[in-house]
Every structure is written in C-alpha cells, then in structure tokens.
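The points are grouped by topic below.

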Amino acid sequence: MIRTIQASQITDAVTDLFLKANRFIGDDVLDSITSAMEVEPSPQGKAVLNQLIQNYEIAKEELMPVCQDTGMAVVFIEIGQDVHIANGGLEEAINEGVRQAYEKGYLRKSVVGDPLFNRTNTKDNTPAIIYPRIVPGDKVHILAVAKGFGSENMSALKMLVPADGIEGVKKFILQTVENAGPNPCPPIVVGVGIGGTFELAALMAKRMTAAPLTRRNKNPEYAALEDELLEKINKLGIGPAGIGGQTTALKVNIASAATHIAGLPVAVNICCHAARHAETTI
Amino acid sequence: MDKSIRIQLPLDDKTVRSLKAGDSVLLSGSLYTGRDAAHKRLIELLDKGEKLPIDIDGQVIYYVGPAPAQPGHPVGSAGPTTSYRMDPYTPRLIELGLKGMVGKGKRNQAVIDAMKKHGAVYFGAVGGAAALIAKSITKVEVVAYPDLGAEAIHRFEIKDFPAVVLIDAEGNNMYEIGPALYKKIDV
Ligand code: SF4
C-alpha cells in the first residue's frame, strides 16, 4: 500500500521543528547543565552555567531564539519506501519550511549563496542541507538541526591509518577539543564519526551532535570510549565559556561504520551547548 | 557575580588600565557593533586613506550579528560571535583609538600586542546567552552599512550588560589563567 503525504505537510513539519529547535533547548541539555553546575569548582564557570540556564528560560518565555546564530538548517529525513510525496518536490518543500520558520520566528538568516566569490546573503536561510535516506515502511521521519558556526568552525577530520589505533583516535579527538578552546561556546557536545569513508565519517559526526545526551552507546566498547573521552575532555581545564573549569563537554557521542582495510577516518563535529534540534514522524 | 564592577562606556584610559583579567563587569552606556563584513569595509576605507563612518576613538566594538527584533523589542537575541575572525583588522582600529572589544574566544598575538601598546581591553560575553544579553540592550540604531542587515554597524545603548575581562591592557589572558587552574591532563 502506498501512502500519500502532501509536500505541504513536510513544509509545515519543517517550519515547526526549526521554530521549536531554536526557541526551546532540550531537557537533556538543561538537566546536564544543571547537574554540572552543582559540581563545577570554578566560581566563574558556575556563573556562566547559571547564565546559560537563565538564558534558556528567557528564550522559552519570550519565544526568542536561544542564540542569535540560529544556524544553518540541516535536515535528516528518512522516507519510508511506501510513501508517495505529492504536489511538490521534496527539497523545495523542506526549503520552504526553513524559509517560513526563519521568517516567522525572527530567526537570523545566516546563509550566503556562494562561499567564495559572492558572499551575498540569501535572505531566507536557504538552502537547507538535506540528507535523505530511504527506509522500509510508510512513514517520514524528520530531524531538524540548527547548526551554529562558532562550533562548526572548530570541527576537524583526519584520515588516520590503522596503525594509529585507539590511542591515535583518542589523541585526535582530545587535540581537536583542546585547539577549539573557548571558541565553540563550551560546554560542548562532541559528535564523532569513526570509519566509513571521508564523507561518511563527517556525516556520522554531524548526526551524533544531534543525538540525545542521555544516549547510551549500544556497543560496550564504544560506550566505554565515550565515557573515557568525556572524562579526559573535562580534565583539559577549558571550562564553561573557556575561562576555566571542569565543565568543558556535556557528552561525547560516537557513531562507527565499516571501513577499508587501509583506513581509519575520524571526524569530530563540535556543537555548542546550544545543541538545537527537534524531530517528528509523519 | 555579585562583585561585578560597573563600567560606563565609552571608555577612558584610566578605566581601561584599572581593569584586570578575570574581573566581572556590568557595562552601561553605548557601543558599536561590527563583525566580519563591516570590519572589512572599515579597513578598506583606511587603506584608501578615507574617513571612517564612525569615530572610534575611545569606543568599544561588540562583535555581534543580532537576530531580528520581534515587535516591541529593540533587538532580537544578541550574543557574541567568535572574535578571531576580526583579528586581521583589529590592530589598525586599536591604533586609531579603539579602547575595547566585546566578543568570545581567543585573540592572536598581534591584537594583544596592540592592546598593550595603545591601552585596550577585551571583554567576553557568554556565547549562547543571547536572549539574556538582549535584555540589557535598551536602544538600537543602524549607523553604517544598512545593506549588511544583521552585519551592519549598529549603535547599542546598554544597561548592565554582563561581561568578564578576558584580556587586560597588560596582556593578562583569562583564557590562559583560568584553564591553567583546572587543567589536570596533557594531550
Ligand atoms: S557556537 Fe553555538 S552558542 Fe556559540 S554563538 Fe555559535 S550558535 Fe551560539
């Protein structure tokens, strides 16, 4: 049985998701920062965390964006193979949703049409970056991510070789976070992709920045690696806003994939505490 | 945060010299905004030997591109952007009398040297505390480059804008002092 979904339904869903993501921080972030504040030894670090919590409250009450950098719109969309999208193109439906959200929500339009020669603002925050996947079933799942660039600019990818091993991977991740220092607005969420190809590693890392902070990796070895890295990152001293302390990251989320016998790609996508994402199923 | 020092903007030399890295401050008065595109235009004017559209002597620049204002608000969310992108332009402006910057993130040595030589201070606002910060901005007007939208040069009136002295006029740097206290491992 083919299920028909109107392109306009996709547009409406995308609009709602970007409004929600930009205005309301997830409970996972709020809970994580609240508990970090209790144990943060640096008084100034504590004061920063307190400001962040107040900021989330103000944003929620006044329907203001949590951060003025309302990001580039990244959309992960899983489309059931029994779905027919009617009366409009999928990409245009998504872009129209982004356009409406950024206009209606007084969100900042931060996209330029050409990266190098003509950096003119497109004025509606499109195009969105869209990652579609065809999956079994008759549903459409949309994950909307508003990705700020203060943290995006601090991200890195390295093609390690098998001999670099687990130690090499740890070192690269820790170095990336240390180099980033205060720039990505710590406390940060660290999305990591290990394996696959050059671009798959980066894509997995991006997806991991939008995974819940309460996520427990199903693979015990990777779960232990996530815990170890988080502990080490929080010993780097960077702290809230980078002015010193132990709350540098809230979570390390790792995704892995099969790779080539000659390779060990590692991508680290850093996201600020304003980890803004929202999802829905149609 | 209860020991915050109240600072009036624009800044004079005495105030600049009195501030120490790590001080919590509440800024009131007026400052200008500017980020990448506006800085680029300012420096292009200087290269051509032309006059700047604003007199920056004694002034403070806040690196921000605010979100659009909702009806009834002077400004939308307005937290700091990462400052290093302005590093290539900043020493020239400090030479011309710029006394302070508000932003987030590290500065390069050329900026710090210019701050020491001419007496300027770098304040940090909390990145991502943008809705909270907007509460301390009471009036907004565009003073140059309206075509740049959020990136235009604005003049903000502010009241008790919360910030920390990140780098003082002696070059003491909170991004070195603070983390050194809590660093427990080397990578
Ligand atoms: S890194 Fe995140 S919190 Fe910081 S300014 Fe950018 S979007 Fe906002």
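This is a predicted model: local features need pLDDT of at least 70, side-chain atom pairs count only at pLDDT 80 or more; totals for chains, interfaces and linings use all residues.

The ligand lies between chains A and B.

**Ligand site**

**Contact between chain A and chain B**

- The contact involves 48 residues of chain A and 45 residues of chain B.
- About 3,700 Å² is buried between chain A and chain B, and carbon and sulfur atoms account for 61% of that area.
- On the chain A side, the residues that lose the most area to chain B are A:Q51, A:Q68 and A:Y106, which together make up 19% of what that side buries.
- Two salt bridges are found across the interface of chain A and chain B.
- A:E62 and B:K135 form a salt bridge, with their closest N and O atoms 2.5 Å apart.
- Between chain A and chain B, 17 residue pairs are in polar contact, counting pairs with both residues at pLDDT 80 or more.
- Helices α3 (43-62) and α6 (165-180) of chain A each supply at least two residues of the side that touches chain B.
- The largest share of that side comes from α3(A), with 11 residues.
- The side of chain A that touches chain B has 23 nonpolar, 18 polar and seven charged residues.

**Contact between the domains of chain A**

- Eight residues of domain 1 of chain A make contact with 11 residues of domain 2 of chain A.
- The two domains of chain A bury about 730 Å² between them, with 77% of this area given by carbon and sulfur atoms.
- On the domain 1 side, A:F76, A:L143 and A:K147 lose the most area to domain 2 of chain A, together 63% of what that side buries.
- One salt bridge is counted between domain 1 of chain A and domain 2 of chain A.
- The side chains of A:K147 and A:E152 meet in a salt bridge, at 3.0 Å from N to O.
- Three residue pairs are in polar contact between domain 1 of chain A and domain 2 of chain A, with both residues at pLDDT 80 or more.
- Strands β2 (72-80) and β5 (140-147) of chain A are the elements that give two or more residues to the side of domain 1 that touches domain 2 of chain A.
- The largest share of this side, three residues, comes from β5(A).
- The side of domain 1 of chain A that touches domain 2 of chain A has six nonpolar, no polar and two charged residues.

Note on methods
Residues are numbered from 1 along each chain as its sequence is written. Chains are lettered from A and ligands numbered from 1 in the order in which they are written. Side-chain values use heavy atoms; hydrogens and water are left out. Contact means heavy atoms within 4.5 Å. Buried area is the accessible area (1.4 Å probe) that two parts lose on being put together, summed over both. A salt bridge is a side-chain nitrogen of Lys or Arg within 4 Å of a carboxyl oxygen of Asp or Glu. A polar contact is a pair of N or O atoms within 3.5 Å; within protein, one must be able to donate a hydrogen and the other to accept it, and residues adjacent in sequence count only if both atoms are side-chain atoms. Helices (H or I, at least four residues) and strands (E, at least two) are DSSP runs, numbered from the N terminus. Ala, Val, Leu, Ile, Met, Phe, Trp, Tyr, Cys and Pro count as nonpolar, Asp, Glu, Lys and Arg as charged, and the others, Gly among them, as polar. A residue is near a molecule or strand if one of its heavy atoms lies within 4 Å of it.
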